[in-house]
Amino acid sequence: MSDYPNGFGSENEALDTAFRIIDEAKPPKARERGRLVVCAASELAPGQKRVVTDPETDASIGVFNINGEFFALKNVCPHYGAPLCQGSVHGTHRPSPVFTYRPDLQDRVLRCPWHGWEFDIVTGKALYDAKSRVATYACEVDSSGDLAVLL
């Protein structure tokens with residue numbers, strides 16, 4: 001049964017599926033090999049991002065501040081290996097009746113700069129496919145105020 005008045009939205013199963021995936025997704029548990037200190041947490045204001053490189057693995061990681069919470073993603077798009085975290089961050093809209101807009105996932109959607117594939121920064125899940133995801137890492141702010149990515 002559709003959540004949309006007048007039956008709008010339910011006719012587009014792809015959109016319904018994409019939003020269901022995001023709604024149900026949870027970040028995977030992080031592998032804890034170590035900590036990569038990014039910066040003082042106060043240096044990364046809400047809406048900002050910073051890309052860092054793990055010196056042990058040479059992996060590039062994007063760290064995002066979304067409304068005061070920190071999230072980290074691998075800086076590689078699974079499509080063609082683009083530097084994903086150089087893409088734009090924005091929101092999206094849920095399916096709705098004509099001339100009605102239902103904004104959602106504000107400041108959580110990362111769009112690949114090469115081909116426009118979109119990912120939820122919080123969960124790493126793709127908005128277009130149930131199986132695609134980009135690797136995520138847990139973040140923490142330690143007692144000294146440093147922001148670290150847990151690897």
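The secondary structure of the protein chain amounts to one helix and nine strands, where helices (H or I, at least four residues) and strands (E, at least two) are DSSP runs numbered from the N terminus. Read from the N terminus, the elements follow the order α-β-β-β-β-β-β-β-β-β. The model is predicted, so to speak of local features a pLDDT of at least 70 is needed, side-chain atom pairs count only at pLDDT 80 or more, and totals for chains, interfaces and linings use all residues. Residues are numbered from 1 along each chain as its sequence is written, and side-chain values use heavy atoms, with hydrogens and water left out.

Six strands form an open sheet in the order E1-E9-E8-E4-E3-E2, with antiparallel pairing; two strands pair if DSSP finds at least two bridges between them. At the edges are strand E1 (35-40) and strand E2 (49-53), each of which pairs on one side only. On average, neighbouring strands of this sheet are turned by 30° against each other, direction ignored; the axes are lines fitted to C-alpha atoms, for helices over the stretch in contact, and angles run from 0 to 180 degrees between N-to-C directions.

Some of the pairings can be followed residue by residue. E1 and strand E9 (residues 146-150) run antiparallel and are joined by five bridges, and alanine 40 stands opposite aspartate 146 in E9. Six bridges join E3 to E4, with isoleucine 61 having lysine 74 in E4 as its bridge partner. The hairpin of E3 and E4 has two residues between the strands, and asparagine 67 takes a positive phi near 55° there. E4 is joined to strand E8 (residues 136-141) by two bridges, and leucine 73 stands opposite threonine 136 in E8.

Turning to the interior, buried residues make up 40% of the 151 residues in the protein chain; buried means under 20% relative accessible area, exposed over 50%, and partly exposed in between (1.4 Å probe, protein chains only). A nonpolar core is a set of buried Ala, Val, Leu, Ile, Met, Phe, Trp, Tyr and Cys residues joined through side-chain atoms within 4.5 Å. The largest such core has 15 residues, of which Phe64, Leu73, Leu84, Leu110 and Ile121 touch the most other members. Strand E3 (60-66) and strand E4 (69-74) are the elements that give two or more residues to this core. A second, separate core of 14 residues includes Cys39, Ala41, Ile61 and Phe70. Leaving aside neighbours within four places in sequence, leucine 110 is in contact (heavy atoms within 4.5 Å) with residues including Phe64, Leu73, Leu84, Trp117 and Ile121.

Charged side chains complete the picture. The whole structure holds five salt bridges, each a side-chain nitrogen of Lys or Arg within 4 Å of a carboxyl oxygen of Asp or Glu. One of them joins arginine 35 and glutamate 140 (2.7 Å, N to O). Arginine 35 lies in strand E1 and glutamate 140 in strand E8, so this pair ties together parts that are 105 residues apart in sequence. Arginine 35 is partly exposed, at 41% relative accessible area, and glutamate 140 is also partly exposed, at 30%. Arginine 108 forms a salt bridge with aspartate 120, with the closest N and O atoms 2.5 Å apart. Here arginine 108 is partly exposed, at 22%, whereas aspartate 120 is buried, at 0%. Salt bridges that share partners also join Arg35, Glu140 and Asp142 into one network.
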